[in-house]
Amino acid sequence: MRAKISTQHRPHRHETAAPAPNPPSTGPLTAEELELARRNHSAPLEALRWPLTPPGLHYTVVHFDIPYLDPETWRLRIHGAVEHPLELTLSDLRRRPRRTAAVTLECAGNGRGRLEPRPPSIPWDTGAVGTAEWTGTPLAPILEEAGLAAEAVDLVFTGADRGVQAGLEQDYARSLTADEAMDEHVLLAYEMGGQPLPPQHGFPLRLLVPGWYGMASVKWLTSIEVLDRPAHTFQNERTYRYSQGAEDPGEPVTRMRVRSLLVPPGLPDFFTRRRSLDAGPIMLRGRAWSGEGPVVRVEVAIDGVWTDAHVEPPTGKHAWQEFSVVWVAVPGPHTLASRATDAAGRVQPLEQAWTYQGMGNNAVQEMTVEVVA
Ligand SMILES: Nc1nc2c(c(=O)[nH]1)N[C@H]1C(S)=C(S)[C@@H](COP(=O)(O)O)O[C@H]1N2
Ligand SMILES: [Mo]
């Protein structure tokens, strides 16, 4: 049995949440998690070498199926509490002012697979992050043309993908407040890396909410509904929460927490992925980002001793930043780590606070390497 849910009408969040498919687990990965991991690929960490994630290496998340959409018949409807409802074609959108921005997207569940017990969802390690140049047209002027009603409270962004989650049939939909939606950086994006969006990244059009975890950037966008009351979408209220249990509504997940990751140095072992490198000076590099950016400091630790790394300025307001530090590697096993601080003064924690859905994991990543003479 599964219930049907429309985008806006669903149980209030204080009502009992539907149970997660399985309780958090400490056991081996389940067949369902392995299938989710196969379908939703992360970036291999060596992809962090590129300032812009090369095509095909950017992580993807697809809750249901990738919809097959015909760009000729596809429309974006802007409706609800507006003076002038709009129905826009892809060429209408392409004729509007064009803007390109390098934006780092990270899945809010990135790092979930390392939690104990492990929430049952995509069991990410740390690679659910990427940076692309997205091209599109700013949303705010379109909303101005539509004429948001004075009573406008929330906007619901709905994608063309539909499926069942937690027993409820639904379209993938997320809401933003009118203020958040009117932010000048929010884009309706139709290109990624100068090419039409690949199907898995939202062809023909996606929302892009820079600075926020990826769930806000609704792919395969078909509808923007303006509401004169708070929205209650499943993806805002039942998932993407910092909660401690199925009954705990918790706080909503919004902006990306400050984080840094090192490019794995040296040579990997095919099977174990353990890494070895030659003794001597080596440049350690990585990337750091924050939804409250920019990143103002990155420290790198060798065997627990922290030193400041050099941090490059961002290539775009919402793009990650490169950091680097020289290490004179001496033979033996070593632990490497990096820790970023953003302009808001937030610092990556050394230990990850556990949440029921495994959201917003930004703890310092540790990596062990074997240095050989
Ligand atoms: N319509 C729709 N939009 C979506 C999703 C989805 O499943 N359906 N997944 C979201 C999540 S959770 C993330 S992290 C980002 C991932 O974007 P990407 O696949 O382009 O990297 O898309 C978001 N937008
Ligand atoms: Mo995500």
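Strand β17 covers residues 280-289, and M283 lies in it. The model is predicted. M283 has 41% relative accessibility, so it counts as partly exposed.

Together with V326 and V328, M283 forms a nonpolar patch. The accessible area of the three residues together is about 280 Å².

Now to the sheet around this strand. Strands of a sheet pair through backbone hydrogen bonds, in a parallel or an antiparallel sense. Here the sheet is open and has four strands, with antiparallel pairing. Their order is β14-β17-β21-β20. The edges are β14, residues 259-262, and β20, residues 310-311. Each edge strand pairs on one side only.

Nine bridges link β17 and β21, in the antiparallel sense. One point to look up in the structure is I282, which stands opposite W327 in β21.

Strand β21 runs over residues 321-329 and contains S324. Is S324 buried or exposed? S324 counts as buried, because its relative accessibility is 12% and the cut-off for buried is under 20%.

Which residues does S324 touch, leaving out those up to four places away in sequence? The contacts are M283, L284, R285, A309 and H310.

Technical notes:
Residues numbered from 1 in each chain as written. Chains lettered and ligands numbered in written order. Predicted model: local features only at pLDDT ≥ 70, side-chain atom pairs only at ≥ 80, totals over all residues. Heavy atoms only, no water. Patch = residues over 30% accessible without salt bridge, like charges linked within 9 Å, V, L, I, M, F, W, Y side chains within 5 Å. Areas by Shrake-Rupley, 256 points an atom, 1.4 Å probe, with all protein chains shown as cover. Salt bridge = Lys/Arg side-chain N within 4 Å of Asp/Glu carboxyl O. Helix = DSSP H or I, 4+ residues; strand = E, 2+ residues; numbered from the N terminus. Buried < 20%, exposed > 50% of the residue type's maximum accessible area, 1.4 Å probe, protein only. Contact = heavy atoms within 4.5 Å. Pairing = 2+ DSSP bridges.
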